[in-house]
Amino acid sequence: MGAMTEAVNDRKIFRRVLLSPVKRRWAYLLLPVLMVLLIVFILPMINLGLKSLHPYTGLGSEGSELTLSNYIAFLSQPFYWQLLGWTSILGVIVVACSLVFALPLSYFLARTKSRWKQFFLLLIIAPMLVSVVIRNLGWLPILGQNGLVNWIWLNADLGKEPLHLLDNYIGVVIGLVHALLPFMVLTLISVIQRIPPELEEASISLGVKPLGTFLRIVLPLARPGIIAGSLLVFTLTISAYTTPAVMGGGRVIVVSTYIQQQVSTLLNYPNGATVSMVLLALVVLLSIASLRLGKTEA
Amino acid sequence: MSSEVRLVGVTKRYGDHIAVDNLSLTVQEGEFVTLLGASGSGKTTCLRIVAGFVQPDAGHVYMGPLDATGLPPYHRNTGMVFQQYALFPHMTVAENVLYGLKARRVPRQEMQERTSTALRLVHLEALAERYPAQLSGGQQQRVALARAVVIRPSILLLDEPLSALDLKLRSTLQSEIRHVQQRLGITTLFVTHDQGEALGISDRVAVMRGGKIIQLDTPVGLYQRPNCRYVANFVGMTNFLDVVIRGALASDNGTTHNYAIGLASNPTLVLEVSGVPQKFSEGERCLLCVRPESARISSEAKNCIPATVSKRTFSGDRWIIECVYAADQTIAVSLSGPRSAPGPGEQIDIAWEPNHGALLSNDDI
């Protein structure tokens with residue numbers, strides 16, 4: 001008799017704790033956000049996914065049957081593989097350039113005790129505070145044929161011909177590195193700050209110069225941050241649209257500009273949707289990999 | 001390999017704060033000197049100046065005949081052991097120890113031999129392939145020691161290396177460090193705030209305060225002949241008695257003086273103190289320092305004062321008996337060994353030998 005009432009009591013307590021008024025209230029708070037996400041994000045994604053499963057039957061129209069022909073076309077035609085390839089190479093180049101700039105910058109900012117530290121941090125994050133279109137337009141007077149760089153280049157007699165730094169891959173790389181450097185720098189700063197300065201002092205006291213110490217002690221220990229930052233920048237690069245569009249002047253074709261072409265110009269929704277889904281899958285995979293790596297190193 | 005290290009007139013300022021104030025110190029070749037002081041006394045700054053991580057505003061650092069003041073740390077041939085061990089986590093124990101040898105381009109065969117010898121010296125040759133994360137704190141510190149000595153440094157610098165370890169481990173490692181240092185004859189500079197550690201391990205101890213060395217002496221000298229109240233208080237427990245000089249007594253040798261003194265609180269009581277290195281004048285008020293363990297309960301001695309027990313504390317190996325001998329003047333006696341101790345309220349006589357007291361003039365406070 002006693003044991004049964006105890007069991008019933010336990011269940012009552014369990015139910016009360018799990019669905020307690022407090023927990024229920026918190027759950028209600030999430031509803032508006034979930035609704036917004038559903039309408040603005042999830043539903044369009046589902047719609048896009050569905051579009052990729054219909055065949056293209058002419059400008060702005062698609063057939064009503066479900067088919068995987070779009071995906072088969074994607075996988076079988078070399079053009080799409082080249083598209084992915086070029087976009088990935090762009091990603092690698094942007095990551096490499098970001099690292100070259102970010103490593104010394106992050107190291108300096110992580111270790112400095114200068115009063116200017118906050119100011120420099122602000123300077124680096126500044127690109128993120130500006131609209132992406134304005135940010136890219138700002139490069140035009142600098143990189144253009146009559147821009148600042150060419151003015152110096154020609155007047156200092158460094159070359160006869162003006163440099164072509166816009167409407168091509170170089171311009172896109174410059175624009176993307178400028179925009180994505182903050183991500184790399186912030187990731188690296190937090191990782192380098194966790195490396196105890198005594199390790200570098202120990203290395204220096206044992207006779208290794210500062211550069212050697214950086215290569216043999218700081219870099220290996222910052223590797224998790226370098227990988228995480230690189231994955232982040234790579235993912236953001238392959239999914240970037242505005243910067244390749246503006247800095248590439250319409251002449252640079254990466255996955256995102258191709259999708260825009262298909263959807264806005266050719267009104268080929270199924271094809272655009274297919275490539276979008278492939279890009280989405282790629283980005284999700286890379287993000288999961290990045291998260292996993294972040295967990296194991298932590 | 002090891003050499004004499006000299007600091008001459010070294011000063012370091014941080015804004016308005018003087019961290020090291022015109023400090024001069026000579027560490028003889030093969031000697032073990034400890035910088036002892038509270039935090040903020042300048043001891044760590046001093047060590048880092050010798051290491052080369054801090055540039056002094058004035059003064060010089062000499063390593064042997066070489067003026068090392070302008071040299072960066074990687075040109076100074078110092079071996080350093082840090083409080084948090086600072087072992088490279090991505091390298092094995094052996095690779096950690098090899099690190100300094102690699103930087104010096106030592107031939108491979110010799111590198112291996114010296115590494116094995118160093119690890120054997122700290123009893124860790126079996127753990128050569130482990131990573132620091134797999135070792136205990138004490139083992140990590142021994143690896144750090146091996147790493148610092150394997151390069152045959154001119155001077156070994158230790159920055160509070162035992163503070164991160166627990167008590168039992170501390171004394172074991174203390175003797176290991178001393179053993180390694182004596183075995184290799186390396187000039188050593190050790191920094192700590194723990195006076196017990198300093199007394200147990202050093203050839204000489206420099207007590208530091210406010211960026212200056214207040215007293216530089218052997219551990220025994222520091223303990224028995226503190227030159228001011230701060231040192232007397234910092235190193236071990238002391239009783240301070242207000243006394244007045246009655247007159248000089250005949251001295252046994254030319255260098256020290258003997259005095260008859262009277263308690264300020266009880267002028268009729270005459271006490272003796274001998275072996276005083278300074279000169280005091282008649283009528284001068286000063287402080288007599290008597291260590292609790294120098295005092296005993298007895299009425300048969302040259303120095304004897306009556307007192308009433310106010311409190312007694314037991315700490316395993318000894319009793320501390322606190323007594324009152326005049327209006328709010330206390331004196332503590334330490335009784336060791338298995339024995340009974342007088343309880344509160346008892347009247348006892350406290351005695352000590354004349355050569356077991358130290359006289360401090362009032363302005364040494």
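**Group meeting: the A–B contact and chain B**

The contact draws on 14 residues of chain A and 16 residues of chain B, where two residues are in contact if their C-beta atoms, placed from the backbone, lie within 7 Å. This is a predicted model: local features need pLDDT of at least 70, side-chain atom pairs count only at pLDDT 80 or more, and totals for chains, interfaces and linings use all residues. Residues are numbered from 1 along each chain as its sequence is written, and chains are lettered from A and ligands numbered from 1 in the order in which they are written.

On the side of chain A that touches chain B, helix 10 (197-205) and helix 11 (210-238) of chain A are the elements giving two or more residues. Helices (H or I, at least four residues) and strands (E, at least two) are DSSP runs, numbered from the N terminus. Helix 10 of chain A gives the largest share of that side, six residues.

Now chain B. Chain B has eight helices and 20 strands, and its C-alpha trace spans about 75 × 45 × 40 Å along the principal axes. Of the contacts in chain B with a separation of 6 or more, 65% are between residues 24 or more positions apart.

One sheet next. Five strands of chain B form an open antiparallel sheet in the order 15-19-16-17-18; two strands pair if DSSP finds at least two bridges between them. Strand 15 (296-297) and strand 18 (329-336) of chain B each have a single partner strand, so one side of each lacks a neighbour in the sheet. Strand 17 (residues 318-326) of chain B runs antiparallel to strand 18 of chain B, joined by eight bridges. E322(B) has A332(B), in strand 18 of chain B, as its bridge partner.
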